[in-house]
Amino acid sequence: MKKAVLVIVGLVAIGLGGAWFSLDEDARAFLAKGQTDPNVLFWSIEERDAGFRVLDGFPVLAGARTIAAGDERLELPKGDPLPLDIDVTDYMANQRSAALVIVHKGNVVLEEYGLDFTADAKWTSFSVAKSLTSTLVGAAIADGAIRSVDDPVTDYIVDLKGSAYDDVSVAQLLTMTSGVAWNEDYGDPNSDVAQFNNHQPEEGMDTTVSYMRSLPREAPSGEKWVYKTGETNLIGILVSEATGKSLADYLSEKIWAPFGMQQDATWLLNNAGNEISGCCIQAATRDMARFGLFMLGGGRVNGKAILPENWIAAATTKQAEIGTPGEGYGYQWWTYGDGAYAAQGIFGQGIFIDEARDLIIASNANWPSAVPTEQDAQRLEFYRAV
């Protein structure tokens, strides 16, 4: 409580006291926590409950860029309720779920909200953003801005020349098989994933590029899969360099606006002003379900192909072994042996897509920790039950 008082007093002291009363309920709830550390990995569960819905509203935590929606909305008609043998209320409570939207054959057959979240509110995506970022690579190839996934990464990010990324291809970035060393331990404050966004870059260089170019090689490129959020951030830089556009603007132009998302989203920025492309799209859960519909529809908008032919098949097919039988990793998508695939983010965010069943499950949550085994396994069982 003392921290919250200090934050409010600080606002008043700089002439912004009235701002407190102009904030919406979600923003006031978060501000009352007094949290100013941008590293959400080490927030309390209560701070995450309040903060995950308003991360784009506090520049002290991170800047944000708008992903503009268009004038037309793709309607999601209500279908017949899905008969489930699972108690959805208990499932959502165990998941600490904020939202659960199930779309079957284009109709919403189940939609529930928790943690005082709503259909029009925005929740951060965490690594679900990785799958959207990789899709923009496909769009850039279709546009001719990127020639091929076989190109060297350094053809597009010149500041990586002279580093361990000299012999890494775009495809190896997409599949996280660069062979460059990385530590993704969410519980370790000294891990790469905890440190790289706070890195002070070399002058004139993006934060991610500056950090990643210093990393050593641990395996030949293409031979070892290691999950690396930093490399998805490199993919974002690659797309921006190739297209000459910010990721938020490019996503809006290619998909968000023309496909008919219901509202603007935002993308959080690093300290160099570039999108944190491995994370942090603030969006309505229904719009994440709509992105699933975009994928199910073959990456087409109003009949026009936004992605190269066979891009989705390659992106959502196992390209790398991850050590789990029946599962794999594609172009920033998690793959399953039956042809289904998913975007997944820490603390329980996800888009599950099953083309054979014409099924999408979009969900947001605040798990007790970043990757708890119990909730992760329970969610997979829920997918199977649906």
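Predicted model: local features only at pLDDT ≥ 70, side-chain atom pairs only at ≥ 80, totals over all residues.

Residues are numbered from 1 along each chain as its sequence is written, and side-chain values use heavy atoms, with hydrogens and water left out.

Eight strands make an open sheet, in the order E3-E2-E14-E13-E12-E11-E10-E9, with antiparallel pairing. Strands (E, at least two residues) and helices (H or I, at least four) are DSSP runs numbered from the N terminus, and two strands pair if DSSP finds at least two bridges between them. Strands of a sheet pair through backbone hydrogen bonds, in a parallel or an antiparallel sense. At the edges are strand E3 (107–113) and strand E9 (320–321), each of which pairs on one side only.

On one side, E2 and E14 pair in the antiparallel sense over seven bridges, and Ile102 has Ile361 as its bridge partner in E14. E13 also pairs with E14 in the antiparallel sense, over five bridges. Here Phe352 stands opposite Ile361, and Ile353 has Ile360 as its bridge partner. E13 and E14 form a hairpin with four residues between them, and Asp358 in the turn has a positive phi of about 55°.

How many residues of E14 are buried? Seven of its seven residues are, where buried means under 20% relative accessible area, exposed over 50% and partly exposed in between (1.4 Å probe, protein chains only). In a regular strand the side chains alternate between the two faces of the sheet. In E14, Leu359, Ile361, Ser363 and Ala365 point one way, whereas Ile360, Ala362 and Asn364 point the other way.

Helix H6 (residues 128–142) lies across strand E10 (327–329), strand E12 (341–345) and E13, and runs at about 125° to E12. H12 packs on the sheet, where it touches E2, E3, E12, E13 and E14, and its direction makes about 150° with that of E14. Contact means heavy atoms within 4.5 Å; the angles run from 0 to 180 degrees between N-to-C directions, with axes fitted to C-alpha atoms, for helices over the stretch in contact.

Ile235 is in helix H10 (residues 229–243) and is buried, at a relative accessible area of 2%. Leaving aside neighbours within four places in sequence, Ile235 is in contact with Thr133, Val137, Leu173, Leu174 and Gln332. Gln332 lies in the loop between E10 and strand E11 (334–336) and is also buried, with a relative accessible area of 1%.

Most residues other than glycine have a negative phi. Gln332, however, has a positive phi of about 70°. Arg96, in the loop between H5 and E2, has a positive phi of about 50°.

Not counting residues up to four places away in sequence, Ser369 touches Arg48 and Phe347.

A search of the whole structure finds two cavities of 30 Å³ or more. A cavity is a set of points on a 1 Å grid over the protein atoms alone where a 1.4 Å probe fits but cannot get out, and lining residues have an atom within 4 Å of a point. Points are joined across faces, edges and corners, and a volume is the space filled by probe spheres set on them.

The largest cavity holds about 40 Å³ of space. Its lining includes Ser125, Val128, Met288, Gln349 and Ser363. Helix H12 (285–296), strand E13 (349–354) and strand E14 (359–365) each give two or more residues to this lining.

The second largest cavity also has about 40 Å³ of space. Among the residues that line it are Tyr91, Gln95, Ser97, Ser363 and Arg379. Helix H5 (88–95), strand E2 (97–104) and E14 each supply at least two residues of this lining.

How values were computed
1 Å grid on protein atoms, 1.4 Å probe; cavity = no way out; pocket = protein on both sides within 12 Å on 5 of 7 lines; lining within 4 Å.
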